[in-house]
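Take a look at the fold first.

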Amino acid sequence: MSKRGAFIAIEGLDRSGKSTQASALIKRLEAANVPCKHIKFPDRTTPIGKMIDSYLQSKTELDDHVIHLLFSANRWELASSIVKALEEGTTVVCDRYAFSGIAFSAAKVLPRETTSKDGDSTIPIPTHVLSYEWCRAPEISLPAPDLTFLLEVSPEKAESRGGYGEERYENKEVQEHVRQVFDRIGEEIESSGVGKWVVLDADLDKDEVEQSVWDEVKPFIEHMGVSGPVRKLW
Ligand code: 2DT
Ligand code: MG
């Protein structure tokens, strides 16, 4: 089997610079004559993607389970084309993937927080809508990235980059919950051995982050174990 392409995912909170870094990586790969393809999830162009887009813009309301499954289905509808590209030797750079899917859904808490009595005071207990395990289930068996970058941005830095936008999930509280789930996913991916998980400080200047991404990708593309079959998510 000739060398296949590498599957590289870029993950992180809003305003962490994912799209900028994905584009920069594509440019570097092109300059190094590596056949490559840039994809993004959600892919808002498909019929399922249009439903997701409408939900994110709060034009429609959907049950939390339903939107989770639509995000996952949006990946499944492109899964075979990703595998095909990799097998043909094309490196695929993906802006958000299944890890965003799990993190954003598992981070959802009920708007009305339950309280428990502790003497005179009440302690807010966030009640999760969807369990981590439930959120992970539909992602099982999707093509697994060989390398995933988690771009970590502080709330202060995100704010200084123009703050969050108008879409659903774009607020500090949600982002903080999502951050915690990403950490759990990273630990699991590392221990499962299904792919490499690299955390980068995305508060740094974009050129520095770009260089760190390239320092990881370059040796990976040159020698790495992309000669084996595309692996599947854990
Ligand atoms: P963008 O701003 O990157 O277009 O993302 N999301 C994304 C989920 O809730 N589940 C998913 O599976 C994916 C891929 C993250 C739009 C928002 O959609 C969230 C932010
Ligand atoms: Mg966004």
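Which helix gives the most to the shell around ligand 1? Helix α4, residues 98-106, does, with three residues. Helices (H or I, at least four residues) and strands (E, at least two) are DSSP runs, numbered from the N terminus.

This is a predicted model: local features need pLDDT of at least 70, side-chain atom pairs count only at pLDDT 80 or more, and totals for chains, interfaces and linings use all residues. Residues are numbered from 1 along each chain as its sequence is written, while chains are lettered from A and ligands numbered from 1 in the order in which they are written.

The shell around ligand 1 consists of Phe41, Pro42, Leu56, Phe71, Arg96, Ser100, Gly101, Phe104 and Tyr169. A residue is counted here if its C-beta atom, placed from the backbone, lies within 6 Å of the ligand. Six of the shell residues are nonpolar, two polar and one charged. In this scheme Ala, Val, Leu, Ile, Met, Phe, Trp, Tyr, Cys and Pro are nonpolar, Asp, Glu, Lys and Arg are charged, and the others, Gly among them, are polar.

Pro42 sits in the loop between β2 (36-40) and α2.

Next comes a helix pair. Helix α2 (residues 47-56) packs on helix α3 (residues 64-87) at about 145°, with the axes 9 Å apart. Axes are lines fitted to C-alpha atoms over the stretch in contact, and angles run from 0 to 180 degrees between N-to-C directions. From α2 come Ile48, Gly49, Met51, Ile52 and Tyr55; from α3 come Ile67, Leu70, Phe71, Ala73, Asn74 and Glu77. Contact requires C-beta atoms, placed from the backbone, within 7 Å. Eight of these residues are nonpolar, two polar and one charged.

The loop between α2 and α3 holds Ser58. Its phi is near 60°, a positive value in a residue other than glycine.

Now step back. The chain has eight helices and seven strands. Its radius of gyration, 18 Å, is close to the 17 Å that the globule rule gives for 234 residues, so the chain is as compact as a globular protein of that length. The radius is taken over C-alpha atoms; the rule is 2.2 Å times the number of residues to the power 0.38. Along the principal axes, the C-alpha atoms fill a box of roughly 65 × 35 × 35 Å.

Technical notes: Two residues are in contact if their C-beta atoms, placed from the backbone, lie within 7 Å.
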